[in-house]
Amino acid sequence: MPARLQGLAPAHRPLSTYSFRWFRVQAAVPFAAVLAILVAALWISERAGAQQRQQDPPAEPEVVLAPHRATYEMKLSVARPNSGIVEVNGRMVLETADSCEGWEIKQRIKLTFLRNDGEEFETDSNFTSYESKDGLELRFSVRNAQNEEVHEELRGRAELDGLGGKGRATFSLPESRSFELPAGTLFPTTHLARVIKHAREGDKSVSYKVFDGARLDGAFNVNAVIGKPPRNPPGTPPMRGDLGLLRGQPAWGVRFAFFASDDLGAQPEYELALDLLANGIARSMLLDYGDFAVDARLIQLQALPRPKC
């Protein structure tokens with residue numbers, strides 16, 4: 001995930017990833033193997049009679065994505081008076097698969113919108129990507145349709161010189177285009193891994209540049225605010241499937257704000273809030289576009305096998 005969710009942005013300007021694009025829950029979303037060192041000293045107990053001495057800091061557990069397929073029920077959360085939207089219903093299926101050297105993401109969002117003039121329309125958004133576990137390579141494909149008519153297709157790849165270094169993105173659809181990615185750019189799964197790492201360490205906010213392939217003009221500046229996980233509101237649909245994936249996992253409420261790379265304004269293009277677990281599964285999402293917001297609740301969860309690499 002996220003990363004942001006993909007798909008809504010072109011149809012209504014905007015969703016990214018979740019891309020979580022994701023959410024642009026990109027979501028998410030896959031996480032590169034990023035090791036974190038916990039800077040803390042371990043001391044031998046005085047009661048044991050041993051002299052206190054500092055130990056080498058232990059390595060914090062690696063951020064490990066749980067391969068899974070998640071289905072979310074999506075409904076309108078709030079619509080501002082000028083939105084023209086009175087109802088939204090649909091589903092999102094988000095699949096995260098481990099392919100040994102990388103993470104393969106498939107996301108499909110199908111929504112039905114009802115406008116205040118009585119007009120109804122449907123959107124169908126597909127996003128697929130492959131991101132190498134070292135965080136240096138991304139391949140992506142985006143297809144957005146409204147009432148079964150394709151409105152946008154994006155396809156391409158991006159590479160980084162190294163984590164923290166510059167890179168280059170190259171599109172083959174809708175046109176041939178190539179541009180440089182600035183130093184410090186992250187791809188969606190690596191970004192989500194970094195956010196989980198910061199959450200584990202108790203950080204309350206963090207900002208990164210993120211490129212997910214959902215726009216032709218460069219990376220997003222993504223600000224994340226990390227807090228306590230939200231409570232389930234009344235009427236939350238029941239969850240079914242492999243619920244063991246949810247047990248015993250630390251959780252945080254994370255709100256992402258997405259800004260265009262060249263936009264220094266105070267208002268983000270949109271915001272994405274996740275009830276995020278340490279294994280990368282989101283129990284719920286709130287996609288806020290300013291004029292309206294869509295709520296997504298996990299209703300079905302399936303564990304996917306890990307390959308023998």
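How many of the 13 residues of H2 are buried?

1. Of the 13 residues in H2, 12 are buried, and the helix is thus described as mostly covered. Buried here denotes under 20% relative accessible area, with exposed over 50% and partly exposed in between (1.4 Å probe, protein chains only). Among the buried residues are Pro 188, His 191, Arg 194, Lys 197 and Ala 199.

2. The model is predicted: local features need pLDDT of at least 70, side-chain atom pairs count only at pLDDT 80 or more, and totals for chains, interfaces and linings use all residues. Residues are numbered from 1 along each chain as its sequence is written, and side-chain values use heavy atoms, with hydrogens and water left out.

3. Helices (H or I, at least four residues) and strands (E, at least two) are DSSP runs, numbered from the N terminus. Just after H2, Gly 202 adopts a positive phi of about 85°.

4. Strands S7 (residues 137–146) and S8 (residues 149–160) run antiparallel and are joined by 10 bridges; two strands pair if DSSP finds at least two bridges between them. Leu 138 is placed opposite Ala 158 of S8. The hairpin of S7 and S8 has 2 residues between the strands, and Asn 147 there takes a positive phi near 50°.

5. S8 also pairs with S9 (residues 167–173), in the antiparallel sense, over 6 bridges. Glu 159 has Arg 168 in S9 as its bridge partner. In this second hairpin 6 residues separate S8 and S9, and Gly 164 in the turn shows a positive phi of about 95°.
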